[in-house]
Amino acid sequence: DKQVNLGGLLRTERPSLWTMQLFDTWITDFKASDDIVDLYVFNYAKKEHTTMLTNLLLMNYRYDTINPSLAIIYDLSHRDTILVPALDLVFGDHWRVHMEADLFLTDGGNGAGGVNSAHLLGTLENNDQFYARITYQF
């Protein structure tokens, strides 16, 4: 986690939060002959290491009433990405609006014949979504 001052570049009112994490799922004593699969409904062999890199940038404007963010999740093992731009709006003491888009960018060349969708992020290919939530806090 790191606070970065983006005031000069993006005109934020106070430092933004940037966080990056690296996750590696490692199957110890891995043997391909064990026939471990990534998802139980597909017959795509699991890799010994599955590595994900996450980045998140949170920014604040107008006294924390406008809060955009951008999350990026990159699957280093399968070369797939999720982009999640979001916007949180605060209206007074009670109303909150959250808008978010989930954009799945999969590597189409990562295996022919549907193999690309045989792992976690690949199953989300062509399933981009946008949603909005309005909340009244009392």
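**Confidence, sheet and local contacts in a predicted chain**

In this predicted model, the chain has a mean pLDDT of 86, and 88% of its residues reach 70 or more; pLDDT is the predictor's confidence in each residue, on a scale from 0 to 100. Local features need pLDDT of at least 70 and side-chain atom pairs count only at pLDDT 80 or more, whereas totals for chains, interfaces and linings use all residues. Residues are numbered from 1 along each chain as its sequence is written, and side-chain values use heavy atoms, with hydrogens and water left out.

Confidence is lowest in helix H1 (residues 7-10), with a mean of 83, and highest in strand E7 (residues 129-136), at 97. Here helices (H or I, at least four residues) and strands (E, at least two) are DSSP runs, numbered from the N terminus. Over residues 109-113 the pLDDT stays under 50, and the model has six contacts for them beyond four places in sequence, a contact being heavy atoms within 4.5 Å.

Now for the sheet. Seven strands make up an open sheet in the order E1-E2-E3-E4-E5-E6-E7, with antiparallel pairing; two strands count as paired if DSSP finds at least two bridges between them. Strand E1 (2-4) and E7 sit at the edges, each pairing on one side only. On average, neighbouring strands of this sheet are turned by 15 degrees against each other, direction ignored (axes are lines fitted to C-alpha atoms, for helices over the stretch in contact, and angles run from 0 to 180 degrees between N-to-C directions).

As for individual pairs, E1 and E2 run antiparallel and are joined by three bridges, with Gln3 partnered by Leu17 in E2. Strand E5 (residues 80-91) pairs with E6 over nine bridges, again in the antiparallel sense, and Ile82 has Phe104 in E6 as its bridge partner. E5 and E6 form a hairpin with three residues between them, and Gly92 in the turn has a positive phi of about 65 degrees. E6 then pairs antiparallel with E7 over eight bridges; Trp95 finds its bridge partner in Tyr136 of E7.

Ile82 and Phe104 also turn up in the largest nonpolar core, six residues in all, together with Met52, Ala71, Val84 and Leu121. Such a core is a set of buried Ala, Val, Leu, Ile, Met, Phe, Trp, Tyr and Cys residues joined through side-chain atoms within 4.5 Å. Buried means under 20% relative accessible area, exposed over 50%, and partly exposed in between (1.4 Å probe, protein chains only). Leaving aside residues up to four places away in sequence, Ala71 touches Asn55, Leu56, Ile82, Leu83 and Val84.

Arg96 is in strand E6 (residues 95-105) and counts as partly exposed because its relative accessible area is 23%. Its side chain reaches the backbone oxygen of Gly92 at 3.4 Å. The C-alpha atoms of Arg96 and Arg133 are separated by 8.1 Å, with the two residues 37 apart along the chain. Arg133 is also among the residues that Arg96 touches, along with Leu89, Val90, Phe91, Ile134, Thr135 and Gln137, not counting residues up to four places away in sequence.

Arg11 lies in the loop between H1 and strand E2 (16-26) and is exposed, at 69% relative accessibility. Arg62 is in the loop between strand E3 (49-58) and strand E4 (66-75); with a relative accessible area of 56%, Arg62 is exposed.

Key: Polar contact = N/O pair within 3.5 Å; in protein donor to acceptor, adjacent residues only side chain to side chain.
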